[in-house]
Amino acid sequence: ARPRGPQLSTQLPPSTKHQFVKMAAMTRAMPTLAVRTSAGAAPRRAAAKASKAPVRAARDVRVQGGDAYGASGTSFYTTTEKQESYDSLDNVLDAKCADPEVRTVIKEQLDACADITEALRSALVTVEGSSNTFGDAQLSVDVIADQIMWDAVKSSAVVAFGASEEEPVVKPCNPNGRFTVCWDPLDGSSIVDNNWAVGTMIGIWSKETGDGEDGMLGATGRDQVTALIAIYGPRTTVLVGLDDGVYEFSYGCTPDGCQLPDGTFEPWICSRKQVKINPDSRIFSPANMRAGQEVAGYKKLMDYYIDNKYTLRYSGGLVPDVYQQFTKNMGIFTNPTSDKSPAKLRLAFEASPFGLLVEKAGGKTSDGVTGGSVLDVKITQVDQRTALCIGSANEVDRFNSYVLGK
């Protein structure tokens with residue numbers, strides 16, 4: 001039986017936790033992502049499968065008159081091709097992240113994401129009987145994920161301050177640390193009981209930015225040294241901002257090209273490099289549609305998407321709804337505000353981390369008020385809220401035109 005994640009991850013010291021994370025990654029059996037023939041176990045696995053499964057002729061599932069695959073011509077499938085091998089986390093960070101302390105904090109946060117992965121695979125989704133500072137009922141998985149994040153920053157040698165969306169107060173960690181780390185431990189609490197994809201959003205600032213000693217108040221999203229967005233679905237993948245772009249790392253995968261000499265696998269491999277978001281999109285993710293009753297421009301924008309046969313891809317979770325822009329290389333997420341539908345997204349915990357990665361990948365953001373980048377909005381309160389439009393550049397321009405008149 002596989003070790004149960006949350007009990008171990010919240011009780012063991014950091015060194016033991018790290019060993020547990022690596023062990024979990026090595027022992028979990030997951031489908032092969034890529035094949036590179038060798039004399040090892042892979043051919044034997046392939047031969048065993050071939051002997052059991054009947055051979056079936058490939059079928060052509062292309063939609064007539066189009067180049068899409070599947071049941072609908074509006075479907076968007078991955079264009080990511082298999083590789084013979086995948087770089088390890090350490091190899092990529094050594095080559096693409098010049099600052100050793102930034103490398104350290106990235107690794108620590110990825111370890112936390114690995115622990116959250118294990119917790120989600122074994123924890124039930126139940127109400128804890130407690131609430132966060134906003135009065136929202138906390139779920140068991142919210143509490144576990146937040147504790148894992150706090151364990152990570154409090155045990156870090158490079159993190160000076162930490163702040164969680166669950167309790168938006170900046171707290172001291174290591175007085176000799178360099179960074180302020182802000183996170184939403186588990187975005188998607190309203191959909192996690194359906195077993196839909198949820199995620200963790202992490203923004204990292206230098207404590208030297210801003211007006212105070214904590215590196216957050218007075219700073220902007222553009223001051224972040226990096227950001228990470230984790231999505232927990234059938235697989236766990238994390239987007240990370242590095243020196244020359246956005247990279248995706250996958251946890252616990254076992255492609256043959258990544259097998260180590262002792263037969264084990266790297267906990268994290270780089271599944272995609274320098275991810276880009278195209279300027280145009282055919283996918284839209286409209287949040288806060290109630291605002292369309294008051295904001296005529298937003299209703300007009302929705303009509304434009306429908307009239308021009310855009311594909312709706314919206315789950316109600318910020319992480320999956322924006323993360324898809326990196327996997328589909330396109331997309332637009334809109335969340336304007338109105339008098340009756342005020343802003344809900346947190347600037348420091350949600351909009352800034354995603355904004356940094358989207359703009360780094362060639363996309364664009366709007367603060368939903370001036371039409372300027374959300375990364376240029378000054379953080380004046382830890383729990384500051386913001387409207388947001390984020391995604392393909394030309395689609396953000398269209399939002400600014402239709403909704404803001406810019």
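Predicted model: local features only at pLDDT ≥ 70, side-chain atom pairs only at ≥ 80, totals over all residues.

1. Strand 13 has pairing partners in both senses: strand 11 (residues 283-286) pairs with strand 13 in the parallel sense over two bridges, whereas strand 17 (residues 388-391) pairs with strand 13 in the antiparallel sense over four bridges. At the level of residues, Thr 334 is the bridge partner of Pro 286, and Ile 390 in strand 17 is the bridge partner of Phe 333.

2. The largest nonpolar core holds 46 residues, of which Ile 106, Leu 242, Phe 249 and Trp 268 touch the most other members. Helix 5 (residues 100-122) supplies the largest share of this core, namely nine residues. A second, separate core of 39 residues includes Ala 219, Ile 277, Ala 287 and Leu 356.

3. Leaving aside residues up to four places away in sequence, Leu 242 touches Val 92, Leu 93, Lys 96, Cys 97, Ile 106, Tyr 247, Phe 249 and Lys 360.

4. In helix 4 (residues 89-96), the buried residues are Leu 89, Val 92 and Leu 93. Viewed down the axis of helix 4, these buried residues fall within an arc of 95°, so they line one face of the helix. The exposed residues Asp 94 and Ala 95 are carried on the face turned away from that buried side, while the cover over the buried residues of helix 4 includes helix 5, strand 8 (236-242), strand 9 (245-251) and strand 10 (268-272).

Terms used
Residues numbered from 1 in each chain as written. Heavy atoms only, no water. Pairing = 2+ DSSP bridges. Core = buried A, V, L, I, M, F, W, Y, C linked by side-chain atoms within 4.5 Å. Buried < 20%, exposed > 50% of the residue type's maximum accessible area, 1.4 Å probe, protein only. Contact = heavy atoms within 4.5 Å. Arc of directions from axis to C-beta.
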